[in-house]
Amino acid sequence: MAENFDDGRIEAIEEFQSPDVLYDGLISRVRKYHPSDDISLIEKAYRQAYDAHQGQKRKSGEPYIIHPLCVGIILADLEMDKETIAAGLLHDVVEDTICTKEEIDVKFGSDVALLVDGVTKLTALQLTTDNTNKTQEQLDMRAQNLRHMFLAMAKDIRVILIKLADRLHNMRTLSHMPPEKQKRISQETLDIYSPIAGRLGISRIKVELDDLSLKYLIPDVYRELAEKVAVRKSEREKYVEEICENVRKNIEEAGIKGEVNGRVKHFFSIYKKMHNQNKTLDQIYDLFAIRIIVDTVKDCYAALGVIHELYKPIPGRFKDYIAMPKPNMYQSLHTTLIGQTGQPFEIQIRTYDMHRAAEYGIAAHWKYKEASDGKKGESGEEEKLIWLRQILEWQQDLSDNQEFMSLLKSDLNLFSEDVYCFTPKGEVKNLPAGSTPIDFAYSIHSQVGNKMIGAKVNGKLVHMDYKIQNGDRVEVVTSANSKGPSRDWLSIAQSTSTKNKINQWFRTQLKEENITKGKELLIEYCKSKGLDYFAISKPEYQATITRKYGFKEWDAVLAAVGHGGLKEGQIINKILELGDKEHKRNITDEEVLAAVLDSNVTPQVSGSDNAIIVKGVHDVAVRYSKCCNPVPGDEICGFVTRGRGVSIHRKDCINVVKMQEEDRTRLIEARWQADSSDAGKYAATIKIFANNRSGLLADVSRALTEKGIDILAMNTRTSKQGLATMETSFQVSSRDQLREIVDKIRQIDSVIDIERTTG
């Protein structure tokens with residue numbers, strides 16, 4: 001028998017340990033569970049990451065290599081395979097250093113390279129679910145990013161496991177970030193990453209992500225919980241130990257072998273109970289739980305019998321997740337009992353295999369993990385991916401990003417519970433709490449739901465909005481003459497899957513009706529704005545909008561407007577925007593040149609960029625040439641392009657200097673406005689020539705970062721003679737700021753010269 005007051009988390013690593021100490025800890029963890037003594041892949045990955053991140057620091061001031069090492073340790077605590085741990089060590093090298101995916105592929109194999117590439121792409125996605133002050137384009141981009149994330153998970157679920165480990169360590173060290181960033185990252189964690197960890201059954205990661213998110217989102221509540229829970233900690237631990245000892249003694253006497261331990265419930269779990277039940281902490285009595293782990297399922301039920309004889313169970317608080325597992329395949333017996341002092345407490349009973357699955361989820365029987373004979377092992381964990389497959393089905397069915405976001409957010413609802421009911425044949429159905437017979441019907445099959453005309457619960461007819469209770473026996477009444485689901489069902493149904501299937505029926509069965517309705521809505525909207533729909537809705541605009549929203553034809557856009565997937569104002573505003581752009585493009589070269597040659601014309605402020613004044617030209621598109629990247633303060637000129645407005649160049653641009661005589665007739669006077677340095681950010685590119693040395697790239701990056709500069713691109717090459725040429729692009733507000741940056745970089749050791757690109 002063993003016991004411990006366990007919080008169920010992956011062990012947190014103390015900060016500021018040396019990289020070598022952390023690496024030794026990583027290897028010792030791997031050797032505990034991995035059948036092979038060969039850790040060469042992990043060692044090589046560590047050396048690569050160590051060299052790549054040399055000179056880089058985290059916000060805390062510690063060497064950056066500490067972060068990938070801690071990510072690797074978290075993955076080792078999940079007992080992941082060596083390829084996953086190697087990818088965890090390398091997960092930032094492609095994004096933050098000059099190392100490429102191709103180099104990873106050559107050195108570590110395609111498996112590791114694909115994982116690193118997948119995590120790199122996930123890191124670049126903006127996934128926050130906050131809608132505040134977001135434009136429609138930003139909301140669409142966020143939804144699209146979430147789609148990309150689930151596709152990456154589908155390709156290899158290890159990608160999200162590495163990302164979860166990455167997020168967990170970032171949350172553990174979030175105190176070094178500014179408050180606004182703490183809240184944004186914590187909200188994203190609570191909305192996206194924690195629910196995904198829960199859906200994949202990895203409670204060891206989920207509970208800590210929840211608690212850490214609460215710590216930064218509602219610090220006062222977190223602090224109060226921590227203080228109040230700690231007040232009577234020793235008294236509570238003594239009480240829990242007494243219960244553990246009593247339980248241990250009685251199950252031993254019953255001939256049942258197992259472990260008994262106790263733990264305080266997690267802060268977020270306590271907060272959720274307070275939130276759901278509108279109670280204060282003093283009114284929450286079951287702050288701790290006792291866990292019994294035994295060998296077999298038979299022992300689970302035997303132990304339950306012993307416990308119910310020992311303590312009085314609270315009616316209605318017993319849940320059998322062994323017979324009816326949760327969607328993420330979690331299994332345990334849960335029962336709430338009254339202690340000898342009258343204080344309620346919960347006991348969970350499970351087998352060792354169930355405990356492992358509850359703690360590690362999808363990672364517990366990892367299909368990529370090497371079996372004891374060194375061969376890749378098959379797993380029986382495919383059921384855990386049912387939820388992911390459902391998400392991918394939504395992606396195929398839903399072309400509207402916001403509808404996808406709505407379904408996803410509902411499905412990831414943090415406060416959702418499950419209800420268990422039975423079919424007439426005794427099969428168990430697991431539905432979200434609050435589900436109705438409509439949800440039940442569609443959980444059987446779409447056709448059953450579409451043909452449904454009524455339902456019986458426990459032999460009696462019920463209304464469609466009846467809330468199914470645990471243990472209900474539900475029977476669906478169907479008819480071949482049914483006209484299909486009602487739109488009212490969308491407000492009655494609870495399951496996101498059900499709502500998706502109902503919407504899909506309307507989209508397919510009523511497509512013609514939706515097309516007609518959508519067109520009518522667009523026409524009516526135009527009339528209310530004094531517009532002529534038929535005059536502004538050009539075929540080329542329709543084609544652009546069709547591509548933008550991911551449809552195959554314009555009729556599909558009209559149908560989406562008809563059934564409410566897209567708003568009519570959304571479409572018309574986009575058409576008007578495209579019309580404005582075309583108007584600017586349609587100013588002919590001859591009109592621009594005529595304005596240039598007319599010396600009596602007053603210089604006009606460009607309609608597309610109020611930082612530039614162009615002689616004689618009004619309301620024409622102006623763009624900055626990428627060959628020389630002019631910034632405010634540079635001497636500039638304009639060049640009338642063919643069909644693309646005026647291109648602004650520096651006067652010393654090589655392309656202007658070497659321009660043919662006939663092309664010089666297209667040059668036009670241009671200058672910056674006096675306040676142009678406040679107009680925005682401008683791209684600038686410089687070449688740095690230096691004697692190559694270790695840490696040079698890091699020093700240049702640091703110089704730019706200290707000036708608050710956003711780096712757009714950086715390319716480095718080194719000659720055989722050891723001369724490094726670094727070409728870097730970034731954004732500045734003026735030539736003066738660019739000069740300050742160049743002066744700062746010149747002070748870096750080994751830098752020989754700096755020049756600005758001129759074409």
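Colleague: Which elements of the chain have the lowest and the highest mean pLDDT?
Modeller: This is a predicted model, and strand β11 (residues 604–605) has the lowest mean pLDDT of its elements, 46, while helix α15 (residues 297–310) has the highest, 93. For the chain the mean pLDDT is 78, and 78% of the residues reach 70 or more.

Colleague: Where does the pLDDT stay under 50?
Modeller: One such stretch is residues 596–608, for which the model has 36 contacts beyond four places in sequence. Over residues 365–384 the pLDDT is below 50 as well, and that stretch has 47 contacts beyond near neighbours in sequence.

Colleague: On to the rings. How many aromatic pairs does a search of the whole structure find?
Modeller: Ten aromatic pairs. Take Tyr46 and Tyr50: the ring centres are 5.9 Å apart and the planes stand at 65 degrees.

Colleague: What makes the pair Tyr46 and Tyr50 edge-to-face?
Modeller: Centres within 6.5 Å make a pair, and planes over 60 degrees apart make it edge-to-face. The values here are 5.9 Å and 65 degrees, so Tyr46 and Tyr50 are an edge-to-face pair. Both residues lie in helix α2 (residues 40–52), four residues apart, which is about one turn of the helix.

Colleague: Why is Tyr46 called buried, and why is Tyr50 called partly exposed?
Modeller: Buried is under 20% relative accessible area, exposed is over 50%, and partly exposed is in between. Tyr46 has 0% relative accessibility, so Tyr46 counts as buried. Tyr50 has 29%, so Tyr50 counts as partly exposed.

Colleague: How do you know that the rings of Tyr321 and Tyr330 form an edge-to-face pair?
Modeller: Their centres are 5.9 Å apart and their planes are at 70 degrees, so the edge-to-face label applies. Tyr321 is buried, because its relative accessible area is 5%. Tyr330 also counts as buried, because its relative accessibility is 14%.

Colleague: What lies over the face of Phe108?
Modeller: That's Lys44, at 5.2 Å from the ring centre. Phe108 turns up again among the contacts of Leu90, leaving aside neighbours within four places in sequence; Ala45, Gln48, Ala49, Ile104, Val112 and Val116 are the others.

Colleague: Which residues have the most contacts inside the largest nonpolar core?
Modeller: Leu26, Leu90, Ile104, Val112 and Ile205, in a core of 59 residues. Apart from it lies another core, of 32 residues, among them Ile688, Leu696, Ile745 and Val751.

Colleague: How many disulfides does the count come to?
Modeller: Zero disulfides. A pair of cysteine sulfur atoms would have to be within 2.5 Å.

Colleague: Why are Cys244 and Cys300 called buried?
Modeller: Cys244 has a relative accessible area of 2%, so Cys244 is buried. Cys300 has 0%, so Cys300 is buried.

Colleague: Where is Ser495 found, and what makes Ser495 buried?
Modeller: Ser495 is in the loop between α21 (489–492) and α22 (496–509). Its relative accessible area is 11%, so Ser495 is buried. Not counting residues up to four places away in sequence, Ser495 touches Pro432 and Asp439.

Colleague: What about Leu697, why is Leu697 called partly exposed?
Modeller: Because its relative accessibility is 24%, which falls between the 20% and 50% cut-offs. Leu697 has its place in helix α31 (residues 696–706). Not counting residues up to four places away in sequence, Leu697 touches Ile98, Met714, Thr716 and Met726.

Colleague: Last topic: backbone angles. What makes Asn458 worth a look?
Modeller: Most residues other than glycine have a negative phi. Asn458 is not a glycine, yet its phi is positive, about 55 degrees. Asn458 lies in the loop between β8 (452–457) and β9 (460–462), and counts as partly exposed because its relative accessibility is 48%.

Colleague: Where does Ser750 lie, and what is its phi?
Modeller: Ser750 is in the loop between α32 (735–746) and β20 (751–756). Its phi is positive, about 85 degrees, although Ser750 is not a glycine.

Colleague: Which residue follows α14?
Modeller: Asn278, with a positive phi near 55 degrees. In helix α14 (residues 267–277) itself, the buried residues are Phe267, Phe268, Ile270, Tyr271, Lys273 and Met274.

Technical notes. Residues numbered from 1 in each chain as written. Predicted model: local features only at pLDDT ≥ 70, side-chain atom pairs only at ≥ 80, totals over all residues. Heavy atoms only, no water. Phe/Tyr/Trp six-rings, centres within 6.5 Å; stacked < 30°, edge-to-face > 60°. Helix = DSSP H or I, 4+ residues; strand = E, 2+ residues; numbered from the N terminus. Buried < 20%, exposed > 50% of the residue type's maximum accessible area, 1.4 Å probe, protein only. Lys NZ or Arg CZ within 6 Å of the ring centre and 35° of its normal. Core = buried A, V, L, I, M, F, W, Y, C linked by side-chain atoms within 4.5 Å. Contact = heavy atoms within 4.5 Å. pLDDT = per-residue confidence, 0-100.
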